[in-house]
Amino acid sequence: MLEIKNLHAKVGDTEILKGLDLTINAGEVHAIMGPNGAGKSTLSYVLSGREGYEVTEGTVSYQGKNLLDMEPEVRAGEGVFLAFQYPVEIPGVSTMNFLKAAVNSVRKYRGESEFDAMDFLKFVREQTKILNIGDDMLKRAVNVGFSGGEKKRAEVLQMAVLAPTLALLDETDSGLDVDALRIVGEGVTALRSPERSMLVITHYQRLLDYIVPDVVHVLADGKIVDTGDKNLAIELEKNGYANYSEAAA
Amino acid sequence: MSNLSPISQAFVDQQGAVAFSASAPWLDQLRKAGLESFSADGLPTPKLEDWKYTNLNVLEKIDAGQRGDAAIDSTQLTWLPTELATHKLVFVNGRFQSELSAIGDLPKGVKVLALSEALASEPGLVEEHLGQIGGFEKAPVLALNTAFIEDGYVVMVDKAELATPIEIVFVSQAKNEAAHHPRNLIVAKNNARVTILERHIGIGEGGYLANSAFEVLVEDGAHVQHYRLLEDSADGINLSSVKAKLGKDATYDSFVLSMSGQLSRNEIHVSCEAGGAHTNLNGVYVGRGDQHIDNTTLIDHVVPNTSSKETYKGALDGKSRGVFQGAIIVADGADGTDGRMSNKTLLLSDDAEIDAKPQLEIYADDVQCAHGFTAGELDENSLFYLRSRGIPEAIARSMLVEGFLDEVVEEGVAEDYQDIFKTRIADWMNSG
């Protein structure tokens with residue numbers, strides 16, 4: 001379903017990804033771990049289509065289509081979702097209106113009927129209950145004044161309502177206390193399904209207690225340098241990335 | 001007099017030729033004082049510090065001698081939901097139109113009428129207030145208005161609360177290229193509460209000058225909400241001068257949405273003259289083409305323990321130009337003053353321009369004053385965030401601009417009336 005081959009990407013003049021290979025099949029949850037500066041966030045931005053990241057070599061194929069040719073909104077329509085490490089504050093736009101615009105945009109893209117206001121409210125409330133999100137949060141401007149935990153729960157809510165087939169979670173655990181981590185982790189786990197692949201990008205193992213991965217990769221200096229099962233993450237937690245950093249250097 | 005520019009001289013000549021409908025010694029004297037003040041220097045030029053960024057030579061295209069007729073189609077005047085349209089006054093080219101207006105029933109303590117009528121029915125009350133706040137030294141545009149005082153609206157509220165807003169529509173009928181000078185009076189006393197929703201529109205093709213002035217007196221716990229929508233036609237020129245004086249625990253809320261016309265200059269001067277006085281000055285301006293939009297404000301904190309909060313935001317496209325001049329003056333001894341001012345502009349094209357000039361003059365020790373000014377493009381990070389959620393780029397841009405501007409509406413307009421302005425902003429975005 002997602003097939004990345006020999007991916008090279010640079011930001012400005014600096015090459016960050018240096019020949020990355022990765023294949024994720026439908027329904028699988030993969031974790032990418034690695035030291036700071038390894039290229040974890042760059043990978044998530046390249047996959048979601050952010051400007052300023054130039055692919056110089058390699059291919060990314062998603063459900064048989066060339067992902068790299070698509071505008072960000074088209075990728076979303078095709079089922080790619082990025083949960084941001086730092087969700088962006090949008091003053092003056094209520095969370096509810098934002099969610100409705102997003103959901104109706106992807107529904108339109110997918111040839112499904114758009115929700116009216118009443119149906120949408122019902123649809124959203126089913127999801128907010130699970131994530132412990134109150135109506136007051138939906139009325140507030142997108143991410144404005146949200147706590148770290150609220151921001152990440154809002155990201156998972158967006159993921160739930162947009163129903164992606166490929167979810168990229170970029171450092172979703174950053175800035176979360178233990179309780180928030182549990183709510184977010186359980187929220188994400190509830191969204192696992194045979195049709196939905198996930199790529200969980202994280203520096204620490206602790207998120208993976210809640211979102212248990214099928215495959216764990218180590219990313220260092222722009223390449224996948226090791227791959228294993230969930231036990232690899234536990235090892236990394238114990239021993240750190242020192243070995244990989246040296247290997248890469 | 002011989003030094004006046006032709007257009008200034010034309011205004012002076014015209015004033016001498018007008019047969020004003022109302023006359024009284026004090027009123028004639030007031031007009032005369034306005035005329036003399038205006039005649040000394042004529043229209044302001046960019047040589048004056050306050051007029052550095054706004055040039056009124058566009059007025060050369062206006063025929064000052066014309067006074068338009070008043071045939072109008074009433075269907076063009078509807079803009080409020082019916083439940084809000086309960087006290088309506090319509091003015092065409094500055095003159096009250098009773099057949100288009102419906103003032104309705106008013107509670108005790110509330111007077112709403114045209115100035116032309118008030119001058120006939122309540123001359124003493126008008127004399128007591130008119131021209132009292134509007135000192136026009138260094139204010140040539142207000143002096144010009146004063147020279148032509150004839151009609152406008154009068155709202156006086158004493159110990160009363162008006163549940164529904166007073167609706168005012170000023171129509172400029174462009175085909176006559178006329179100049180008109182509505183003069184308006186708002187007086188609220190003794191915990192009175194009143195909301196005025198005002199719309200300025202231009203109908204027909206061609207230029208005109210709508211030069212309105214407002215004297216606002218708010219005293220003893222009274223609260224005035226004064227919301228204005230400026231929708232002039234493409235060649236229309238809208239000048240307005242607000243002079244507000246606030247007494248003890250009085251609040252004056254002003255919101256202005258400037259969205260069309262060739263040139264507008266909206267000048268507001270609020271003087272907080274007793275403890276507990278508070279003013280909220282808010283505004284949104286949107287421009288495209290070669291529109292010019294000037295918002296100039298001055299807040300005087302004269303005595304201790306008064307406060308002001310001011311936010312103006314704009315979005316400028318095409319070759320449009322915005323001007324924001326915001327001054328806060330805290331007098332010697334006015335301790336406990338809290339004054340906050342902010343101006344933010346989104347520049348949607350490379351050719352759009354904003355000239356922002358903050359001015360804080362603080363002569364007291366114990367005050368809190370802050371100002372912030374920004375101008376820039378849409379935030380790429382925000383744009384990417386929305387697009388990554390499937391929202392197409394054009395819609396994402398509109399959402400961001402509207403959200404940016406709607407914030408001021410939410411801050412500056414009571415909840416019941418926010419949609420009136422938000423809808424206008426959305427329409428402006430969609431028409432671009």
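Student: How many positive and negative side chains does chain A have, and how far apart do the centres of the two sets lie?

Tutor: This is a predicted model, in which local features need pLDDT of at least 70 and side-chain atom pairs count only at pLDDT 80 or more, while totals for chains, interfaces and linings use all residues. Residues are numbered from 1 along each chain as its sequence is written, chains are lettered from A, and side-chain values use heavy atoms, with hydrogens and water left out. Lys and Arg count as positive and Asp and Glu as negative, with His and the chain ends not counted, and each charge is placed at NZ of Lys, CZ of Arg, CG of Asp or CD of Glu. Chain A has 26 positive and 37 negative side chains, and their centres lie 5 Å apart.

Student: What share of the residues of chain A is buried?

Tutor: A residue is called buried when its relative accessible area is under 20%, judged with a 1.4 Å probe and protein chains only. In chain A, 53% of the 249 residues are buried.

Student: How is the contact between the chains described, and what area is buried there?

Tutor: The size of an interface is often given as the accessible area lost when the parts come together. That loss, found with a 1.4 Å probe and summed over both parts, is the buried area, whereas contact means heavy atoms within 4.5 Å. Here 19 residues from chain B and 32 residues from chain A take part in the contact, and the buried area is about 2,000 Å², of which carbon and sulfur atoms give 62%. Phe384(B), Tyr385(B) and Arg389(B) supply 40% of the area that chain B buries against chain A, more than any other three residues.

Student: What are the dimensions of the box that the C-alpha atoms of chain A fill?

Tutor: Taken along the principal axes, the box is roughly 55 × 40 × 35 Å.

Terms used: Buried < 20%, exposed > 50% of the residue type's maximum accessible area, 1.4 Å probe, protein only. Buried area = accessible area lost by both parts, 1.4 Å probe.
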